[in-house]
Amino acid sequence: MITRRAVLGAGAGLGVVALARGATRPAELKPDLVVLAERPFNAETPAHLLDEDFTSARYMFVRNNGLVPNAIDAATWTLEIGGEACLEPRAFALAELQSDYSHHAYALTLECGGNGRSEFFPPVPGNQWTTGAVSCALWRGVRLRDLLNACGIAENAVYVGYYGRDRHLSGDPDKVVISRGVPIDKALQDETLVAFEMNGEPIPLLHGGPLRLVAGGWPASASGKWLYRLVIRDRVHDGAKMGGNSYRVPCEPVAPGVPVADEDLCIIESMPVKSLITWPKSGARHPVGDALQVRGHAWAGEFVVKRVLVSTDFGQTWQSSALSAPVNRLAWQRFSTPVQFQQPGYFEVWCRAEDKLGRSQPMVLPGWNPKGYLNNACHRIAVQVA
Amino acid sequence: MRVVRLVILLLVASEAWPKVDDATGLIEDVGWRMVQAHCSGCHDLKLVTAQRGNREFWEQTIRWMQKTQNLWQLGETTERRILTYLAKNYAPEFTGRRRPLPASLRPD
């Protein structure tokens, strides 16, 4: 097993990735994001900066449960695979993963389970995300399935858990910050990657480089950063933040504010259908009479978005939009449509996506839950027409 | 008339707006130094000041950190003062079905 000293102490060699030359704080790498906390570093993206087809590193939100590793050395990085339901535990050097296994690339939507938390009432604990804890980047790596098969998956396998090199906020070097994962079925999907590239570059340290598990369409906390160990479990993985009210919601809906016992909480799997207007920027001015081209992205966790509707009259009437097919499963989809304003004044543009199963976004809040996950209420922007 | 309105505004402002410590972002009310001492070791105080909740909420948050995140025992008196401070100064603010878009997202 590679030791912490080996990882952190490999300071000067080639292949060492620090946050950035000269940058002392992660915030300096994300000048356009809204910083929710510096320690641990958490930052979200204003909606109009998510307008790109695929999210660049500069505009990608950051969710940390602990501290980013100081520096990592891709040249000596290894991934171990073990666990009760692993037939032949073994380790892979990062270079070996890159040379011996076939590469696959997918655009994968990663949304924080708590995106939208700030709107819940009564208030719930955690980062008060508004709308910007979502991204869709191009991830490249090897299939998790290929690595698991190389180690042998026992018949009683249930879950795959990850361990990463982030550091606990309390300074305790033995304390695991977060160790989540996915059920074996999700682990075996084509698109579930052990990734080493993001948008054609080595994954930036801030986003989990040199190696990250990427399980698109699920709460982004399932996509472990700074990945150095995977465990094939014969039970639901019980790592840090798998239990209690972390990333879990009431199995049966509860009234807002009602306490829920741990045993009545169920793990979040697919994220729900959602959409975001990325153009224009909220607060735009627009001349009366001219069509305004509105556009954005829509996604639906494990599912496909069937249509996106747009309203300029607070949801009284809706018009359809042009919606692209996803470039691959689990990628977000582009929608766009021209809208007309018949008179000057204050308008809001609302968007509402519907998935293939007919589920669409609520106008008010979806079910309250103790940690404020899964808020997929429709997105709204303001436009002054003059 | 205008002067009167300004004076009233200033009076209301000094009453309604609590004083916030520049360095920590904490509202300067009884107990804030204790919060600074006990709550800034691991993370930003932003995690505290951006949060709202009643006494029970704050107590549960502290228990959760003690159970799972290495937060130490605060001692009965200190804990009581910290909870009183948090429940008073960072209490839930009532929100309607959905709030109007914030000023930062509206046309100037």
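Which strand order does the open sheet of 5 strands in chain A have? Reading across, the order is β18-β25-β24-β20-β21, with mixed pairing. Strands here are DSSP runs of E, at least two residues, helices are runs of H or I, at least four residues, and both are numbered from the N terminus. Two strands pair if DSSP finds at least two bridges between them.

Quick housekeeping: this is a predicted model, so local features need pLDDT of at least 70 and side-chain atom pairs need 80 or more, while totals for chains, interfaces and linings use all residues. Residues are numbered from 1 along each chain as written, chains are lettered from A and ligands numbered from 1 in written order, and side-chain values use heavy atoms, leaving out hydrogens and water.

The edges are β18 (284-286) and β21 (319-320) of chain A, each pairing on one side only. β21(A) runs antiparallel to β20 (305-311) of chain A, over 2 bridges, and one pair to look at is L309(A) with its bridge partner S320(A) in β21(A).

Okay, domains. Chain A is assigned domain 1 (74-267) and domain 2 (274-385); those bounds come from an automatic or database assignment. Contact, meaning heavy atoms within 4.5 Å, takes 40 residues from domain 1 of chain A and 24 from domain 2 of chain A. Together they bury about 2700 Å², 60% of it on carbon and sulfur atoms. Buried area, by the way, is the accessible area (1.4 Å probe) lost on putting two parts together, summed over both.

There are 3 salt bridges between these two domains, counted when a Lys or Arg side-chain nitrogen is within 4 Å of an Asp or Glu carboxyl oxygen. If you want one to click on, K186(A) and E302(A) form a salt bridge at 2.5 Å, N to O. On the domain 1 side, β7 (103-111), β8 (134-143) and β15 (248-250) of chain A each give two or more residues, and β7(A) has the largest share, with 5.

Now, what does chain B do against chain A? Here the contact takes 30 residues from chain B and 35 from chain A. The two chains bury about 2700 Å², 49% of it on carbon and sulfur atoms. R98(B), L101(B) and P107(B) supply 26% of the area chain B buries there, more than any other three residues. The salt bridge count between these chains is 0.
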